[in-house]
Amino acid sequence: MPEQDDDEREFDIKWADNAELKEPSARARMLAARWKENPPAPQPFRADPGPREPRRSSWVSTVIVFGCVAGLIALIGYVNYRSS
C-alpha cells in the first residue's frame, strides 16, 4: 500500500472534520441507549466527596516500617545462625 504524503493526509483530515453528519462514538451510543431506559440522577457541579476515613498518624506508619525492618533483620540472623 503506497504511503500518503502529508498534503493528502491533511486533506483527508480536513475533509473528515468538515463532514455535515458526524456519527457518535460507540461509547456515546451505549450511554445514550442506557440513559434512555434509566436516566442518571442529577449531580451538583462540585459534589462533596463524602466522608473520608481519618488518616493514620505518622508515628504508626514509622513503627510499622521499623517493625518490618527489625523482623527482617531477625529472620536473616536466624537463618545465618541455623546454617552455620
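Student: How far apart do the end C-alpha atoms of residues 59-81 lie, and what is the secondary structure of the span?

Tutor: Helices are DSSP runs of H or I with at least four residues, strands are runs of E with at least two, and both are numbered from the N terminus. In this predicted model, local features need pLDDT of at least 70, side-chain atom pairs count only at pLDDT 80 or more, and totals for chains, interfaces and linings use all residues. Residues are numbered from 1 along each chain as its sequence is written, and side-chain values use heavy atoms, leaving out hydrogens and water. The end C-alpha atoms of residues 59-81 are 32 Å apart, and the span is 100% helix and 0% strand.

Student: Which UniProt annotation covers residues 59-81?

Tutor: UniProt positions follow the numbering used here, feature names are shortened, and annotations may be inferred rather than shown by experiment. The unreviewed entry annotates residues 59-81 as "transmembrane region". Helix α3 comprises residues 58-83 and contains L72. The protein has three helices and zero strands, in the order α-α-α from the N terminus.

Student: How many salt bridges are counted, and which residue pairs with E23?

Tutor: Side chains of opposite charge can pair when their charged atoms come close. A salt bridge requires a side-chain nitrogen of Lys or Arg within 4 Å of a carboxyl oxygen of Asp or Glu. The count by this rule is one salt bridge: E23 pairs with R29, with 3.0 Å between the closest N and O atoms.
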